[in-house]
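Me: I would like to learn how to read the features of a model like this one. Can we take them one at a time?

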Amino acid sequence: MSKKIVSISDVKKYVGQEVTIGAWVANKSGKGKLAFLQLRDGTAFFQAVAFKPNFIEQFGEEEGTAKFDTVKRLSQETSVYVTGVVKEDERSKFGYELDIRDLEVIGESQDYPITPKEHGTDFLMDNRHLWLRSRKQVAIQQIRNAIIYASYEFFDRNGFIKFDSPILSGNAAENTTELFETDYFGSPAFLSQSGQLYLEAGAMALGRVFDFGPVFRAEKSKTRRHLTEFWMMDAEYPFMTHEQSLDLQEAYVKALIQGVLDRAPQALETLERDTELLKKYIAEPFKRVAYDDAISLLQEHEADEDTDYEHIEHGDDFGSPHETWISNYFGVPTFVVNYPASFKAFYMKPVPGNEERVLCADLLAPEGYGEIIGGSERETDYDKLLAKIESEGLNPADYAFYLDLRKYGSVPHCGFGLGLERMVTFVAGTKHIREAIPFPRMLHRLHP
Ligand code: 4AD
Ligand code: MG
């Protein structure tokens, strides 16, 4: 076929004109002389209509009937070139419709496993390569794309340079119990858990830097918030206080939500996401609450009728029911600041005058989505950092480059990491993180 192919998202530019579309048949219905095709081409879904008398008028009785029968018999996910006239149609969800003049089958599709009926999650996950074609899955990936785009835009507007951290590393950035180890020519190497430590070196060379790449955590958690491979946006910046860092993170998250509202409104509609809530998160300031105040609040409310979290003591880490309650209590994304040093990473700077708390923050999303950002001000003192590395049982030799940054012109600096899939799940309003990435890697999932 030598015709120019028009994408479905572009058909509105061609009202009244004849166009050809390359698409897959997502669904089909019909009655007598009419056949309705639900077509999708990745950019959008819309309806094309074949009317038998038109086919006969155009091609004659025999050929027209044969063509119409071909349309009627199309099976799900058959790929086709469809030529027709674009019509405005207020009744259709998309607002436009195609009046089919001709159709050519490109690739047959027999017994497509994912039918319009309900399927179980395991079945859908086994068929992830096909499940990705479904309307909701397409919408989620469009939202993911909008967030990535908005992220690059935000960093560029705010003077950040993209700095690529390595994936293969000789040290642990976060937690030695959650490392994927691999053989590196006879020595152990680890898949990166976060680009942060290298990004700090970048910040001392280039100022404001960010990275965006896959990170890996051998976490044996089987929750709706955990993947073993996920994509992280890390940012690092010198000469900023922790308070200023929170301002930056807040502006960043708002820019990402706005980016989705601007770039993927149709996707939000498909997912029936409450966009008034998203707009509220942009319009209202995020809440900031100290860890110890959050614990006190949880203790005060633990006997309330509508709470279902376990008792928690000062010094304990939150479980997800605690996180959910805190962010729902405030109704907007909430920074919990100054956690205990005991369960946070070695590189965080203590709160002045209180060695047991660190200058860090987790950003908790409302509606039960949990932590989407982890960030902190970094320890700048060589001796204190070395002592911390040693007390955590880490080998200082593995962190020699990182310690050097405190030897040669150490400066105050902060940074954060946002988990892309957590953010996608939150903005899309979907239940489980596994749908936020094309091919999720989880405790019991490596295929497809
Ligand atoms: O809180 P985390 O562990 O922080 C860091 O890795 C820092 N080095 C970041 C930095 O300061 N540059 O991870 C950051 C974010 C979390 O807030 C969460 O959104 C996401 O990464 N995350 C996960 N997402 C999916 N699956 C998992 N197993 C995740 N673990 C963390
Ligand atoms: Mg964290």
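Reply: Start with how elements are named. Helices and strands are DSSP runs, numbered from the N terminus. Just after helix α14, G429 takes a positive phi of about 75°. Keep in mind that this is a predicted model.

Me: How many residues of α14 are buried?

Reply: A residue counts as buried under 20% relative accessible area. In α14, residues 420-428, nine of the nine residues are buried, so the helix is largely enclosed by the rest of the structure. Among them are the charged E421 and R422. L420, M423, V424, T425, F426, V427 and A428 are buried too.

Me: Now the ligand. Which residues come nearest to ligand 1?

Reply: The shell around ligand 1 holds 23 residues, and E174, Q196, E219, D234 and E371 come nearest. By class, the shell divides into eight nonpolar, seven polar and eight charged residues.

Me: Which strands each supply at least two residues of that shell?

Reply: β11 (229-238), β17 (370-377) and β18 (413-419) do.

Me: Which polar side-chain atoms lie 2.9 Å from an atom of ligand 1?

Reply: Pair each side chain with the element it faces. S194 places a polar side-chain atom 2.9 Å from a nitrogen atom of ligand 1. R378 has one 2.9 Å from an oxygen atom of the ligand. For Y347, the distance to a ligand nitrogen atom is 3.4 Å.

Me: How much of ligand 1 does the protein bury?

Reply: Compare the ligand alone with the ligand in place. Taken alone, ligand 1 exposes 620 Å², and the protein buries 94% of that.

Me: Let us turn to salt bridges. How many does a search of the whole structure find?

Reply: The search finds 23. For each pair, check the N to O distance, then the sequence separation, then the accessibility. R133 and E77 form one, with their closest N and O atoms 2.8 Å apart. This pair links distant parts of the chain, 56 residues apart. R133 sits in the loop between α4 (128-131) and α5 (135-157), and E77 in the loop between α2 (61-73) and β4 (79-88).

Me: Is E77 buried or exposed?

Reply: E77 is buried, with a relative accessible area of 7%. R133 is partly exposed at 28%. Now take R91 and D89, whose closest N and O atoms are 2.8 Å apart in a salt bridge. R91 is exposed at 75% relative accessibility, whereas D89 is buried at 8%.

Me: What does the salt bridge between R288 and E250 tie together?

Reply: The two side chains meet at 3.3 Å, N to O. R288 lies in strand β12 (residues 287-290) and E250 in helix α7 (residues 242-263), so the pair ties together parts 38 residues apart in sequence. R288 is partly exposed at 28%, and E250 is buried at 12%. Salt bridges that share partners join E243, D247, E250, K254 and R288 into one network.

Me: Last, the record. Which residues does the UniProt domain annotation cover?

Reply: Treat an annotation as a label from a record. The unreviewed UniProt entry gives "domain: Aminoacyl-transfer RNA synthetases class-II family profile" for residues 143-438. In the model, that span is 37% helix and 23% strand, and its end C-alpha atoms lie 12 Å apart.

Technical notes:
Residues numbered from 1 in each chain as written. Chains lettered and ligands numbered in written order. Predicted model: local features only at pLDDT ≥ 70, side-chain atom pairs only at ≥ 80, totals over all residues. Heavy atoms only, no water. Near = heavy atom within 4 Å. Polar contact = N/O pair within 3.5 Å; in protein donor to acceptor, adjacent residues only side chain to side chain. Areas by Shrake-Rupley, 256 points an atom, 1.4 Å probe, with all protein chains shown as cover. Helix = DSSP H or I, 4+ residues; strand = E, 2+ residues; numbered from the N terminus. Salt bridge = Lys/Arg side-chain N within 4 Å of Asp/Glu carboxyl O. Buried < 20%, exposed > 50% of the residue type's maximum accessible area, 1.4 Å probe, protein only. UniProt positions renumbered as here; feature names shortened; annotations may be inferred.
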